[in-house]
Amino acid sequence: MNFFDIDIDGKTVPAAVGITILEAAVAAGVDLPHLCACMREGYLPIAACRTCLVELNNHDGLVPACRHSVAPGMVVRSDSALSRRTRRTVVELLASEMSEPAAKRHPDGLFQRLVRRVEADSGRFGNRAVRSEPDRNHSAITVDADACIRCGLCRSACQDVQVNGVISLAGHGDGLHVAFDTGKDIGDSSCVSCGECVQVCPTGALSPAVLFAPEAPVAIEYSAETVCPFCSVGCRVNLHVAEDRVVYADGADGPANHGRLCVKGRFGFGYLRHAERLTVPLIRRDDAPKDASHNFRGAEVLEMFRPATWDEALDRAASGFADLRDRHGGDVLAVLGSAKGTNEDAYILQKLARTGFGTAHIDHCTRLCASVPPLAEAIGFSAVTVPIEQIVNADVALMVGSNPEVNHPVAASIMKNAIRRGTKLILIDPYEQPLARLATVHLQLRPGTDVQLLSAMTKLVIAEGLYDSKFVDDRLEGFDELVQRVEAYTPDVAARICGVSAEAIVEAARLFAKAPAAMCFWGMGASQHVHGADNIRATIAFALVCGQIGRSGTGLHPLRGQNNVQGSCDAGLLPHYFPGYRTLDDAVQRSLFETLWKTQIPIGSGLSVVEIMDAAKAGKMKGLYVVGGNPAMANPDLAATREAVARLDHLVVQDIFPTETAAFADVILPAAALAERSGTVTNTDRIIQFVEPVLSPPGMAREDWAIACAIAARLGLSWARDSHEAIFDEMASVVPVLNGLSWQKLKTERGVRYPLNPNDPLRMDHPIGSNQIPQDSLFSTGFPRGPRARLAALEGKCPSELPDAAFPFTLITGRVREHWHTGSMTRRSDVLDALSPEALLHVCPSDFDRLALSSDYLVTVETRRGAVTVRPVSDQRIQQGVIWMAMSFFEAAANELTINKLDAYTRVPEYKYCSAKIVVNKVN
Amino acid sequence: MRSKHKRPRSYGAGGPIAGTQEIAAIETALLSHGTARDGLLEILLDIRDRQGSVSQAGLQYIAERLRLTSAEVYEVATAFPAVNYGATVPYGNYTNNCCDLVCALLRGPADIDREMRPGVCGGRCDVPDSEPAPRSFETFRAAGGYTVVNRLQRMPTEKNQILQNIAGRNAVGRAGVGFPVHRKWQSLIATGGEPVVVVNADEGELATFKDRFILQSDPHGVLEAALVAASVTGAKQLFFYLRDDYADLHAIVRRAIDDTVAAGLTAGLDVHLRRSGGAYICGEETALIASLEGRPARPRERPPYPTERGLQGRPTLVHNVETLYRLRGAWGAVHEDAVPVSALLDPDMLLYSVSGRVRKPGPKLIRALPSLDALVRAAGGMREEEELGGVVIGGSAGTIVPASRCGVPLAELLASGLSLGTGSAVVFGKTDDIRWIAEKMAGFLARESCGQCAPCRIGTAKMARALAGGPLDRRLLDDLASVMSEASICGLGRSAGKFLARVTPILTEHER
């Protein structure tokens, strides 16, 4: 890049070719007045407010600094008489756009500060007459149209940055106005409440509804950053606090989100001070038997317990485990962690299980979605090979079974930015999800037919010679077997099986194979099947024969679910790996940990989440320590799960809320939420981020790792007094990808992408290659497992429960944008719960009409495992014969219905396929 | 929480569903214009022609078919008056066919509010008795028309010669800025890529009808020049962007295009006839380009110039009708008596649009006009019992020249800064109030502002209100004039500022 100096208001400022005057000024700390220019990533100059006009040495008249590029020798004057006079008049004109009462309602907005700064007379051109009261009918966002100065920032936010396309500047002349959809009220519009517009609105015309509420605090006391707990994107969020609660949130400039947030990350922090937060340790009352007949929640759960001191509760918790261990051996104990905790929590928990409990049965909720194991099987690396942001360098992106608009909204915004810049999207998904509108090809296949579709695509690129033969020769094994496996799948055969056109299959395959750079994403739509691993293997095989890995804009990206899935797995919170994915049955690895931990470690791999419950139901598992998990809501077939947890002799639940699982606990331990603690979390892009507490934990609640240490102490373990810092540093010493990282380094740098040096920390005896910077796509020359990736054979399973006459529908479960996982946090965030308050059964219009359904009447959905009562809605985006439900509503828990069948390799349950029927009851 | 949850009725589109009749109208429009975004305005205008205007549900339906969001479609539908969105009366159902200023002069202000629709006028200020019949394709060819196109098809090397001739004639744009034509063409050629040529026939300036006169008389003259421009610049696409309100011209231009296509003159070139959206701003070249892309007609800041990055990022040449027509001299076309408008091939010949209180309003071809008095005389003089009050020269942001200055040699007026602009002249009488005329001009500018940038959107509205009544605050008006001319994005706001700066002293003087 070409650098030179320019002069802004007498100050010498460095500038680079191609940047704007305003960018140069901001970078150099020169505070040029501006309004409709937002310097954040994705915002383009609007240049409509005309408040950043400056004079130049070699140019007649004024130019907008936000849009005008720098040039060598440029002398910029924002303080010349003409510039100042013009700016002041422009600001005076803009001030006349607000009604007088509206201006009074928003005295401290960015615009009002500009009015004061340029000493404008805000009444000089009069004020707009009062036209409307603020629209307070939306739970998250209040629209005060009378405060709008029509600068267009909200339009940019919605159209260019988040690409939700809801807000426009409609009309013309003085009739120009901010509109939602086709001129609807925001509450009736398709607004997804990401709140990007609220964050950038300079006047308060769009503001968090909470600021208009009667109970709104007078002033924000302080603001501090944490990482959003709601998904694996790992957005940094700035929480504004008053009276010991979060009033509202803004996106902070994190490495993954660049200031963006989604509805959960912006409006979902109400749970932190929800009345049902656990604040004291609780012990089960003697007169409260464990009742497996149905789910209990919240206050109902609390009635079954009595408060206790930490000492009493910890003694009870620890001695329960110690007794069972001593009587039956460690094998009757299990630990379920959570991908919502920190890396230190995960590490200490598996260490406690392996050294204190003497068990190998240790797992966490990543099991319920795990989409990485087939990737590890293929290349020997258990993380994404390429970060999401690289999609901007991809010509084509293939997305299999993922709905990021809903589940990873900020990542979706980055994908949509790339699509707008020319990346072509191939979507493989039965649902016509929001991204379908932007897709070049949408293969809307029948549920459960992914393997056949991908096989046909693979066969086609091989048959047409479009595959990367050099890559296949040099870097793959198993190609011949693959050729045989896909042999039968011509486009026509696949078209018949999958219900998509042969032409579309051919088009998609060619598009991907011919792309100079193509990326591949997959999600839970791929993994949550009994053939989930096969779905992913078929995806990986297709991508690898096309050689789409190891270059910029290429690579494999399983979109992880929870905020610390990556870190929890890295830390070894898994039944079949030591920390760092070190193999359990390798004597060298075992001795490494036995030396480090100065104790013996149980031999062999343990049971997974669902298998632990099966063992409990069979009476083989007797003690369970659940930290942050909620199997009584998250596992498939809840009736059976409740029976299992109710049978446990000793259940300790450690959480921030009395969850459905806590209803079966013997001891409940109150934990701190992520925003109340320090630690590190690792996002889907392998960025490990440092967080510090924004609030104190309520009451007596403590950080998870500290509670685990306290239990360890009672079990007589020597490491129980380890500090937070020591835990991380020990973990970094045994987890290869963390090589070179330390607590101190992270504390200083806040966020670091690993591996720091791709060739070193994986401890390979051959180079794996990368383009120098870890942001780029890994594995340009080799793989962690060796020089060649392995195209694994498939197991060839079909969905385990096909529709039949008795249960004619295919039930698919998933999530809604506003709620996360079992809803224990988001359902307790008042804004989110108001936006999405009830479970809905999505039915395609033809089935909806055929069954004469109405959204006014609830229906019962029944499977062979259970039934729930739910409100049906007609959804034209869904296929005939398919019904869809979100998993997050305890009132109609979708997992009462789901089937307990696991993928043999990943041990992920088949959440995305079982047969069901709809019973119409006509009850309101 | 304040809000009560609204029970969803359906997922996906939501809201009312378009009726079968409207869906049929939309599908018919899609058959003609395709489902790409750039056809959006044409689609909306087709539906307007079929059923008055598109409904909210119709917008939703179009959005789904074009794979746009409903907000994107709504934004476009509401940005163009011609789409008639939300209106209760059919578009163009107005009796005056003419802008409010001239109309008011002719019919009296009382009629205006009742009869005028908001929007650009119908360009019928001249109310002519008889209109020229367009020269047919055959007659045009017989007179040597299109031979240059055939020559270029056979001998591509001719291109350089034509470019040189254009440069030699010092041909400049006739839309106000006066930029040399050959430099625009060269810029287009230098940029490379896939150039586009656009004929800007969206004549929207107040009381201006010269382009209509040219097209009505000699449509092939314009088309020939456009084909030459396309050939020389290597364009593969030609857009004829015709003012929607010039409904009668559509058949003429359509016929002219069809004839050239049938004669094989457009080989290798896609020619599209597109309608404008009924707003003055559509004639601004970047706004015009935006509307051809199916976006709201809102000007974009330059640079980059359209010749470098225009329609869909491609180098784009936009010329107005008069500019193109005059270029024909560069390949040898000469004045023909049978076709009066061909007098424009003489670079010194000017075409005035004269309207107002004159006996014979209409297009006037005059070489070396001595004074504005002479222009009034050329239009048959003042109507009976009316005395000259003055002339508004140059349209909405033009200059009010009082009668006392109309006898001054035009050269002197031009030297002292008068700009003829598009050559429109609205003649008013002694009894007409100058302040009222200024208010009408300001009202036109305020109504036609696209609304995008603050100085123009708010400034023109404040200007119109200030001129409408009450004492004139000189300092405030000066600041307003300055901010509009210094800070607006495009020429509309800037010229509005200059207009206000010119008119304020006249009005203050007048009030005294």
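**Entry 1: A:Arg590**

I started at A:Arg590, which sits in helix H22 (residues 587-597) of chain A. The model is predicted, so I treat every value here as computed from predicted coordinates.

**Entry 2: confidence in chain A**

Next I checked how far chain A can be read. Its mean pLDDT is 94, and 98% of its residues reach 70 or more. I noted two stretches of chain A where pLDDT stays under 50. One is residues 763-767, for which the model has 7 contacts beyond four places in sequence. The other is residues 769-774, with 18 such contacts. Where pLDDT is low, the predicted coordinates should not be read in detail. I therefore leave the contacts of these stretches as counts and go no further.

**Entry 3: overall form of chain A**

I counted secondary structure in chain A and got 30 helices and 37 strands. Along the principal axes, the C-alpha atoms of chain A fill a box of roughly 85 × 70 × 65 Å. Of the 924 residues in chain A, 62% are buried. I then looked at contacts in chain A with a separation of 6 or more: 72% of them join residues 24 or more positions apart.

**Entry 4: strand E21 of chain A**

How many of its residues are buried? I find 5 of 5, so by the cut-off of 20 or more C-beta neighbours the strand is mostly covered.

In a regular strand the side chains alternate between the two faces of the sheet. I checked the directions in E21(A). A:Ala518, A:Cys520 and A:Trp522 point one way, while A:Met519 and A:Phe521 point the other way. Residues on both sides are buried.

I then listed the strands beside E21(A). Strand E17 (residues 396-400) of chain A runs parallel to E21(A) and is joined to it by 5 bridges. In that pairing A:Ala397 stands opposite A:Met519. Strand E22 (residues 555-558) of chain A also runs parallel to E21(A), with 4 bridges between them. There A:Cys520 stands opposite A:Leu556.

**Entry 5: domains of chain A**

I looked up the domain division of chain A. Domain 1 covers 312-369 + 564-573 + 604-753, domain 2 covers 373-559 and domain 3 covers 809-923. The centres of domain 2 and domain 3 of chain A, taken over C-alpha atoms, are separated by 27 Å. Their contact takes 18 residues from domain 2 of chain A and 21 residues from domain 3 of chain A. On the domain 2 side, the elements giving two or more residues are helix H12 (404-407), helix H19 (524-527) and helix H20 (532-545) of chain A. I sorted the residues of that side into 8 nonpolar, 9 polar and 1 charged.

**Entry 6: chain B**

I ran the overall checks on chain B. It has 22 helices and 10 strands. The radius of gyration of chain B is 23 Å, close to the 24 Å that the globule rule gives for 512 residues, so chain B is as compact as a globular protein of that length. The C-alpha trace of chain B spans about 70 × 70 × 40 Å along its principal axes. Buried residues make up 54% of the 512 residues in chain B. Among contacts in chain B with a separation of 6 or more, 69% are between residues 24 or more positions apart.

Chain B is divided into domain 1 (20-79), domain 2 (137-344) and domain 3 (349-511). I get 29 Å between the C-alpha centres of domain 2 and domain 3 of chain B. Domain 2 and domain 3 of chain B each give 21 residues to their contact. The domain 2 side of it holds 13 nonpolar, 2 polar and 6 charged residues.

**Entry 7: where the chains meet**

Last, I looked at the contact between the chains. It takes 46 residues from chain B and 51 residues from chain A. On the chain B side, the elements giving two or more residues are strand E1 (10-11) and helices H3 (56-66), H4 (70-79), H19 (434-448), H20 (454-468) and H21 (474-487) of chain B. The residues of this side divide into 18 nonpolar, 14 polar and 14 charged.

Note on methods: Residues numbered from 1 in each chain as written. Chains lettered and ligands numbered in written order. Predicted model: local features only at pLDDT ≥ 70, side-chain atom pairs only at ≥ 80, totals over all residues. Buried ≥ 20, exposed ≤ 12 C-beta atoms within 10 Å, placed from the backbone. Pairing = 2+ DSSP bridges. Nonpolar A, V, L, I, M, F, W, Y, C, P; charged D, E, K, R; others polar. Domains from an automatic or database assignment. pLDDT = per-residue confidence, 0-100. Rg over C-alpha atoms; globule rule 2.2 N^0.38 Å.
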